[in-house]
Amino acid sequence: SHGNKEVFSCRGILLAVQWFWDRGHKDITVFVPSWRKEQPRPDVLITDQHILRDLEKKKILVFTPSRRVGGKRVVCYDDRFIVKLAHESDGVVVSNDTYRDLQNERPEWKKFIEERLLMYSFVNDK
């Protein structure tokens, strides 16, 4: 949402990480589909891609798997990675996704998502 749904803003990810880091939260994991490492196309804009590599080197960002099959991109369902790690580590999920489908997948995830989902908004760089 930092890119106003016009561009994938890596700076928005960095701002969110920094916000939590500054408040003493050091166990932070960001999941991003691995295709975001690819050269951006005009219809899939991305800014400050180097931030993703920097966060990956610091072991804060993890790229979720994707591959090409017959010229088409096949991606994993990264929502499951997010909820599973947060649940197992007693963490918080920062997302505007409601994860409705995953709430129905596992009973223990339903309560967790209801209580540990932190939705957000950006106002410029805040």
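**The domain contact and the helices**

Mentor: In this predicted model, the side chains of Asp125 and Arg11 form a salt bridge, with 2.9 Å from N to O. Side chains of opposite charge can pair in this way when their charged atoms come close. The domain assignment puts residues 1-75 in domain 1 and residues 77-125 in domain 2. Between domain 1 and domain 2 the count is one salt bridge, while a search of the whole structure finds six.

The centres of the two domains, taken over C-alpha atoms, are 17 Å apart. Twelve residues of domain 1 and eleven residues of domain 2 take part in the contact. About 960 Å² is buried between domain 1 and domain 2, and carbon and sulfur atoms supply 69% of that area. On the domain 1 side, the residues that lose the most area to domain 2 are Ser1, His2 and Phe31. Together these three account for 45% of what domain 1 buries there.

Another of the salt bridges joins Arg80 to Glu105, whose closest N and O atoms are 2.7 Å apart. Arg80 belongs to helix H3 and Glu105 to helix H4 (residues 100-105), so this pair ties together parts that lie 25 residues apart in sequence.

Arg80 also has a place in the contact of H3 with H5. Two packed helices are described by the angle and the distance between their axes. For helix H3 (residues 78-88) and helix H5 (residues 107-116), the axes come within 11 Å and cross at roughly 85°. H3 and H5 are therefore roughly perpendicular to each other. From H3, the residues in the contact are Arg80, Val83, Lys84, Ala86 and His87; H5 brings Glu108, Trp109, Phe112 and Ile113. By class, the residues of this contact are five nonpolar, one polar and three charged.

Methods:
Residues numbered from 1 in each chain as written. Predicted model: local features only at pLDDT ≥ 70, side-chain atom pairs only at ≥ 80, totals over all residues. Heavy atoms only, no water. Axes fitted to C-alpha atoms, helices over the stretch in contact; angles between N-to-C directions. Helix = DSSP H or I, 4+ residues; strand = E, 2+ residues; numbered from the N terminus. Parallel < 35°, antiparallel > 145°, perpendicular 65-115°, else oblique. Contact = heavy atoms within 4.5 Å. Nonpolar A, V, L, I, M, F, W, Y, C, P; charged D, E, K, R; others polar. Domains from an automatic or database assignment. Buried area = accessible area lost by both parts, 1.4 Å probe. Salt bridge = Lys/Arg side-chain N within 4 Å of Asp/Glu carboxyl O.
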